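Let's take a walk through this structure together. Have a look at the fold first, and then we'll go through it piece by piece.

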Amino acid sequence: MSLPFHAALTKAHAPVIAEIKPHSPKTGPLVAAHAVADVARDYANAGAPCLSVTTGAWHGGSLGMIAQMAATGLPVLRKDFITSRRHLDESLEAGASAVLLTCALLRSADVTRLAVAALSIGLTPFVEAASVRELEGLQLPHEAILAINNRDIRTREVDDGGVSHSELLYAQARAGHAGLLVSASGLTTPQAVARAMAAGFDGVLVGTALLSGPAPPFDTTRAFIMAASRTVHH
Ligand SMILES: O=P(O)(O)OC[C@@H](O)[C@@H](O)c1c[nH]c2ccccc12
């Protein structure tokens, strides 16, 4: 039996996790707090199967935004620095369907422990790794989602800063995890999304680009959704 966030991504025609990051440390304000519910509705209407929100204060987020976004009926990923069982319970109570576990913050044994604990209360663990070393020690339950974070400071300067990082780590990630693989962060164009899908990823996560484009979020999201549409194989 598959949990809601995992199931929604698995069966999506265009597996785009659309994220709201109210404030970007890099680009400044992206969404006013009062507009979170409206943007979530735009994402849903544009065809996103799953949503994500950064709840940390440094991103202008809050726990209450989860419920505002879950009101769309779509499952919501909580992105925050989650390091304890208490954070998992708090996420569930706030209405989340999935939680971020960041490899850079946790020992790999703790990633596994928290992933198992998340699943036991019905939350999908969304585990973010950014390097060969972080991937090496990982032992994840099959129902966890493994995301390659493209924002890796160590390679930012030698690649194009985005999807090529996912392409480089794809084979290792696939070999180390039997479940879903997502390319996350730094996907700035629909072309980058198409490349991640062509590389073999099961989905993508996009935040800033949906909110900072010249067009309204609905139109931008449509373009990213089209780029992620799965080609039908016979
Ligand atoms: O806005 P982008 O480049 O599409 O990236 C989103 C997301 O991955 C990023 O916000 C993120 C990655 N890891 C995190 C940990 C906490 C909060 C936020 C994040």
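Predicted model: local features only at pLDDT ≥ 70, side-chain atom pairs only at ≥ 80, totals over all residues.

P29 has 11 other C-beta atoms within 10 Å, so it is exposed. Setting aside residues up to four places away in sequence, P29 touches H23 and G60. A8 is another matter: 21 residues separate it from P29 in sequence, and the two C-alpha atoms are 29 Å apart.

Now for the inside. The largest nonpolar core holds 73 residues, and L51 and V127 have the most contacts inside it. Helix α2 (residues 36-46) gives this core its largest share, 6 residues. If you skip the neighbours within four places in sequence, V127 is in contact with L101, C103, V111, A115, L140, A144, I145, L146 and A147.

Helix α8 (residues 190-199) has its own buried residues: A192, V193, R195, A196 and M197. Among the elements covering them are α7 (163-176), β9 (181-184), β10 and α10 (217-228).

Finally, the ligand. It is surrounded by 19 residues, and the closest are T54, K79, S185, G207 and T208. By class, this shell has 9 polar, 6 nonpolar and 4 charged residues. At least two shell residues come from each of β6 (98-102), β10 (203-206) and α9 (208-212).

How values were computed:
Residues numbered from 1 in each chain as written. Core = buried A, V, L, I, M, F, W, Y, C linked by C-beta atoms within 7 Å. Buried ≥ 20, exposed ≤ 12 C-beta atoms within 10 Å, placed from the backbone. Helix = DSSP H or I, 4+ residues; strand = E, 2+ residues; numbered from the N terminus. Contact = placed C-beta atoms within 7 Å. Near = placed C-beta within 6 Å. Nonpolar A, V, L, I, M, F, W, Y, C, P; charged D, E, K, R; others polar.
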